[in-house]
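Hello,

Here is the structure I promised to pass on. Have a look at it first, and then read my notes below.

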Amino acid sequence: MDTAQSPELRNGIIAVVKRDCPTCELVAPVLEEIAASGELTTYTQDDPSFPANASWVRADTTLEFSWHHNIETVPTLIRVVDGVEVERIVGWQVAQWRTFVGDDSLGEGLPEYRPGCGSLSVDPNNVDRLEATFGGSGMSARRIEFGSAEDVHEAMFDRGWTDGLPVVPPTTERVAAMLSGTTRSADEIVAVVAPNLAEATVEKLAINAVMAGCAPEYLPVVIAALEAICTDEFNIHGVLATTMGVGPIFVVNGPIRRDIGMNSGINVLGHGNRANSTIGRAVQLCVRNIGGGAPGGIDRAAQGNPGKLGLCFAEDEEGSPWESMAVEKGFDPSTSTITAFCGEGPRLMLDQVSRTPESLTRSLAKMMLSTVTPRIVMGMDAMLVLSPEHAERYREAGWSKAQFREALNRDMLVQTDDIIAGADGIDEGIPATMAGLEFPKFNPDGGLNIVHAGGPAGLFSSIIGGWLSGPGGSIPVTKEITR
Amino acid sequence: MTTVLDPTDEATPIARDRVPRPESLTGLTVGLLDISKPRGNVFLDRVEKRLRDLDVTVKRFAKPTFAKPAPVDLRHEIATSCDAVIEALAD
């Protein structure tokens, strides 16, 4: 990591002040008294003529000194011996200052105590700029300057950096702030992104996360999402290249859902929540900008789907009658995870009448049998997003998630005679050599992912059809999210 | 003036010339790569017969799955044992 050079500490006493601070104004004569001894250096954050036009006063209007030496309060006094800080006091306490300076008559006539004021270097309006300027936060991406006559948004569209919607300009300040969302260093390589097999650093993810509109606390989720899709199992290269309109869909489980305010309720698969809307978008911008997987290039989808702008949502774990999808995949409920699933757009499934779990399961099964096409069995996975009102039928009846899945798979057994090529006058179908058999629609060994999410009212659930299942296609990948 | 950070991988593609097109296939070795999509083999069987009629040595290859890039070992084998390659796409 590049760390900017810290300004040298001059031996003696260093004071840091600003004019816009009543306590600093109060102690200005005291500083003059100390300066008379010849061992004082004063840094002034706002007005270089304060407390005096004198050789012992230095300007710190860039806040470089204050930032590097972690000044939080003014006035601050620092004792420096051999270039090293040995003692520090803040604010004004007459007895403390007298001991610090070694002068029993210092500050005669002044009040006993006054608290200090906030340092400009910790002003929220300045911290991101200072971090970007002095932080040495490892940012090494190429700087691109737009001319004053250029419209920044148009310039970013022109460079092909966006998904067709406006993006937030990734200034150094914003990227520095984004990087504060993770403890990882900016130059750490998160993943190798297909199709260009480009190494994606935390910094590059942060740049694209800024553009997507993420808040810094979302960055760890974006990082875990990239780790998930850039695996041989998930196979983002194939997911991009296929002419089928699928893309990565993300489900977040665990405490981070609440920490960053994700939506698992009303309109969960739609718009309206910043985290849901921007995390998936950030991942897609990374695929486009870092990996080079742009539509019309390596992304060959014949039609695509609106979820390819970015589809990410949280499971409603608190309201679910069952263990979460992440727990089913072997994670502890206290662990935050993200699961990447390759899927098409969500399709609504209506059943407003069933009041028994058996009836509702049969009803859902009928609708799910046509996922992608009724003519394919066992070839593609799916994700069922079960709504709270539908889930309530199973809670009332005391069904476990395993019971539900088993019943659903049983109700989705398909007679191959019904789906062989030519049956019902339809040429699409499985080979005639497979006639006379029975198969489940989805692989009973993990082919059907079940998530609980949605608003409290509405007897609608959703099915998201997958792409090719198994090692020859895309396997859902779950990664732990760490700060 | 606004300064932003580059969101791309900042890579500059290297331009490489293709291997010169052979004047004739006679006596050469041509690889036929099946990407493993249905009926790609039917197409390649016909191509193979036509090539053999031209006195071309034919080597057949197949990707393990059409859904992933060809493994690097397979690409290396084709590159080092063939003079030309024909890939059967599908859809």
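In what order do the three strands of the open sheet in chain B come? The order is β3-β2-β4, with parallel pairing (strands pair if DSSP finds at least two bridges between them; strands are DSSP E runs of at least two residues and helices H or I runs of at least four, numbered from the N terminus). The edge strands are β3 (57–62) and β4 (84–88) of chain B, each pairing on one side only. Five bridges join β2 (residues 29–34) of chain B to β4(B), and B:Gly31 has B:Val85 as its bridge partner there.

Before going further, a word on the source: this is a predicted model, where local features need pLDDT of at least 70 and side-chain atom pairs count only at pLDDT 80 or more, while totals for chains, interfaces and linings use all residues. Residues are numbered from 1 along each chain as its sequence is written, and chains are lettered from A and ligands numbered from 1 in the order in which they are written.

Now to where the chains meet. The contact (C-beta atoms, placed from the backbone, within 7 Å) takes 32 residues from chain A and 17 residues from chain B. Four bridges join β10(A) to β1(B), and these strands run antiparallel; A:Ile144 stands opposite B:Val4.

Finally, helix α6 (residues 172–179) of chain A is largely enclosed by the rest of the structure, because seven of its eight residues are buried (20 or more other C-beta atoms, placed from the backbone, within 10 Å of the residue's own). Among the elements covering these buried residues are α4 (124–134) of chain A and β1 (2–5) of chain B.

Best wishes

Key
A residue is buried if 20 or more other C-beta atoms lie within 10 Å of its own, exposed if 12 or fewer, and partly exposed in between; C-beta atoms are placed from the backbone. Two residues are in contact if their C-beta atoms, placed from the backbone, lie within 7 Å.
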